Amino acid sequence: GQVHYSVPEESKVGTVLGRLWQDLGVEGDDLEARRLRVVWQGRRAGVEVSGASGALVVSSRVDREELCGKSAACSLRLELLLERPLRVFHVELEVTDINDNAPLFPAARKNISMAELTTVPGSRFPLEGASDADIGANAQLSYTLSPSEHFRVEEETSKSGSKSLFLVLTKPLDRETEPVHRLLLTASDGGRPSLTGTVELLVIVLDVNDNAPQFNQSVYNAVLTENAVQGTLIFRVNATDPDLAAYGDVIYEIHNIVPASASDLFSIDSKNGEIRLRGALDFEAVSFYELHIVAKDKGLPPLSGHCKVELEVLDVNDNAPEVWVTSLSVPVPEDAPVGTVVALLSVSDRDSGANGRVSCWVRPASPFAMESRLLGSYSLVLREALDRERVWEYEVEVFAEDGGQPSLRASRGVRVPVSDVNDNAPWFSQAVYTVLCRENQGAGAEVARVFARDPDEGANGRVRYSLWEGAAGERAPVGGWRPASSYVSVDAESGVVWAVQALDYEEVQVVQFEVRAVDAGEPALVGNATVQLFVVDENDNAPMLLPTTGGGGAGLVPPLSPVAGTSLEAVSGQDSETLWAWASWGGPAGQVVAKIRAVDADSGYNAWLRYEVLEPRGKGPFRVGVYSGEVSTARALEEADGPWQRLVIVVRDHGEPSRSATATLSVSLVEGGEKALAAAGSSSVSGLLLPGEGGTAGVVSSWTNVWLVVSICAVSSVFVVSLLLYGACRW
């Protein structure tokens with residue numbers, strides 16, 4: 001907002017002009033925290049602001065004439081800036097005039113020469129009027145002349161508003177009667193009370209040379225641009241004198257110039273009357289001049305004629321705009337809303353009209369813009385949202401250009417840094433990390449490494465990692481599910497995943513968990529990534545022989561096909577298994593004597609088993625299936641093979657290095673089916689194969705299988721009969 005105060009000049013020191021905080025509606029308690037600043041625009045008066053009370057107080061002498069000269073309006077402007085939040089108040093202080101200056105003539109005495117007889121009544125002689133430093137009514141002067149029967153005073157007002165003063169002869173002069181006339185000219189201003197100034201006019205009556213030079217017009221008008229160079233011809237005046245010889249020769253002089261400060265700015269040729277420029281014009285300082293010209297002849301005494309040249313100065317665009325930064329609020333948080341005021345700027349141009357009309361813009365145009373608040377005051381505001389991770393600092397150039405032809409331009413650089421806020425969560429380069437880890441690696445071994453980025457700055461971009469529990473294993477390990485933290489841990493600073501304990505493929509095959517990345521911002525932001533840790537199997541388990549299903553020896557089952565007769569018995573050893581079986585002489589080749597079963601806790605190639613006959617080497621009566629483990633006759637058994645055969649069978653896996661287990665099989669050779677049946681009766685193995693008559697093998701079927709076949713046949717018969725009955729009914 002804007003408030004207006006007025007102060008009479010020469011007011012006493014300590015005079016209170018107004019209560020700012022009350023007039024502006026501002027609380028005065030928190031002004032120190034809000035960093036009050038007073039910025040004067042242009043001239044500065046003897047006035048100050050009391051920060052505590054907000055009183056606008058006269059602090060020193062206030063002289064309107066010293067501050068503003070003859071300007072009609074004398075206004076001083078200042079800005080009050082408050083921060084947190086930023087507010088700007090415009091204060092206009094008008095200094096009013098009082099009648100403190102009396103009229104003043106250029107000299108205390110003036111001599112005027114007049115010829116007798118030739119000076120006719122009505123002749124006018126220009127006088128230098130008095131000047132009054134005040135303005136308005138206080139500077140409106142009126143003139144009075146001491147009583148005289150020969151003279152009176154006349155005032156003439158030009159079109160520019162300036163007044164010219166003349167001494168007018170009302171009655172012919174007679175030197176013999178009164179050679180000298182002493183007059184007192186008094187100038188009074190319009191103040192209350194009125195002040196006066198005087199000058200003594202000494203009129204000397206001369207004889208002879210009765211024709212004075214005469215100008216062809218009393219007022220001449222001229223126009224000149226302010227950028228005119230020195231020596232430029234302004235105007236040429238001309239005066240004539242009808243006298244002859246020396247009395248008719250005219251000499252030109254500049255009598256006086258208004259304003260008086262321009263006395264050295266113009267010159268006139270004394271012979272031809274050419275008026276030329278001697279210095280530099282400045283429209284912004286003075287835009288109108290009055291030159292009073294005197295033309296004198298060479299008579300004794302000389303006679304003179306008078307005229308006035310009114311010179312109007314035209315403005316040119318010779319002043320570039322000026323830009324000042326009055327307030328700057330940086331750094332700007334990247335989450336600052338659109339419309340936030342970043343800086344306040346003042347712009348001015350000393351030229352007038354279109355030459356002084358200024359427009360402002362900003363480059364780069366994004367994300368800032370210029371907004372006009374008051375005449376000559378602009379705000380640099382935020383037009384778009386900021387992103388510190390994209391641009392962390394802006395070099396803003398504010399341009400001001402006037403409307404002249406050609407236009408002039410000025411610029412001011414503003415550096416706007418952007419401060420960081422926690423607006424970016426940590427993010428991993430992969431959403432899912434798939435990691436392979438060999439089993440049996442020791443505790444503390446690095447199994448994986450994750451990395452999350454956070455583009456924020458400082459604590460907002462500092463990331464710490466933690467383990468978020470997930471599922472472990474493809475199947476539940478012994479004792480139920482276990483948390484992922486019992487297998488792995490994550491380093492909070494580096495993101496290294498290391499094993500808490502040695503991983504056993506036979507216990508767990510997959511450990512799946514989440515790693516959380518949390519920054520140190522307020523509030524903290526979180527990013528997640530899933531880690532799938534696949535345990536790679538190592539060949540760390542040897543094959544194991546399975547116990548028999550019939551309660552006999554370890555690792556043996558009854559033959560899968562009929563043989564002459566078998567009997568199995570197993571005795572466990574430290575490194576191998578000792579197994580017993582029997583077979584009858586004369587059995588055909590390919591008859592299964594026994595089947596060895598083994599398993600390997602590993603997987604894949606590490607658990608793929610193969611069987612080999614280690615002893616006896618070469619071609620024996622028995623052989624073993626490479627992958628089935630079935631021990632069968634390689635040929636028909638003969639009595640020459642002896643009463644029993646001892647076989648050493650090794651079971652190997654396909655791992656690297658390979659692991660193995662061995663089994664010893666003792667096969668007894670017997671005669672006939674009765675001996676086989678007797679041996680079977682004494683064996684603890686159920687479901688044995690018995691030898692048949694004539695050396696052929698017969699199968700002893702279990703009662704369970706018989707009843708199973710009978711049940712299947714019965715159900716099938718009932719199903720067929722039902723179909724027949726259904727079809728008959730439909731037919």
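V7 stands opposite V95 in β7. The strands β1 and β7 (residues 87–96) run parallel and are joined by seven bridges; strands here are DSSP E runs of at least two residues, helices are H or I runs of at least four, and both are numbered from the N terminus. Two strands count as paired if DSSP finds at least two bridges between them. This is a predicted model, in which local features need pLDDT of at least 70 and side-chain atom pairs count only at pLDDT 80 or more, while totals for chains, interfaces and linings use all residues. Residues are numbered from 1 along each chain as its sequence is written, and side-chain values use heavy atoms, with hydrogens and water left out.

The pair belongs to an open sheet of four strands with mixed pairing, in the order β1-β7-β6-β3. Because β1 (2–8) and β3 (37–41) each have a single partner strand, they stand at the edges, and one side of each has no neighbour in the sheet.

The protein chain as a whole has four helices and 53 strands. Of its 731 residues, 42% are buried, meaning under 20% relative accessible area with a 1.4 Å probe, protein chains only; exposed is over 50%, and partly exposed lies in between. Among contacts (heavy atoms within 4.5 Å) between residues at least 6 apart in sequence, 67% join residues at least 24 apart.

The largest nonpolar core has 27 residues, and F428, V447, Y465, F513, V515 and L533 touch the most other members. Such a core is a set of buried Ala, Val, Leu, Ile, Met, Phe, Trp, Tyr and Cys residues joined through side-chain atoms within 4.5 Å. Elements giving two or more residues to this core include β34 (446–449), β39 (510–519) and β40 (526–536). Beyond its neighbours within four places in sequence, L533 is in contact with residues including V435, V447, V488 and V511. A second, separate core has 26 residues, among them A222, V237, L277 and Y289.

D297 is found in the loop between β22 (288–296) and β23 (304–314). Is D297 buried or exposed? D297 is buried, with a relative accessible area of 3%. Leaving aside neighbours within four places in sequence, its contacts include N209, D241, Y247 and P302. D297 and N209 lie 88 residues apart in sequence but 9.1 Å apart in space, C-alpha to C-alpha. The side chain of D297 also reaches two backbone nitrogens: that of G299 at 3.2 Å and that of L303 at 2.6 Å.

Definitions and conventions
A polar contact is a pair of N or O atoms within 3.5 Å; within protein, one must be able to donate a hydrogen and the other to accept it, and residues adjacent in sequence count only if both atoms are side-chain atoms.
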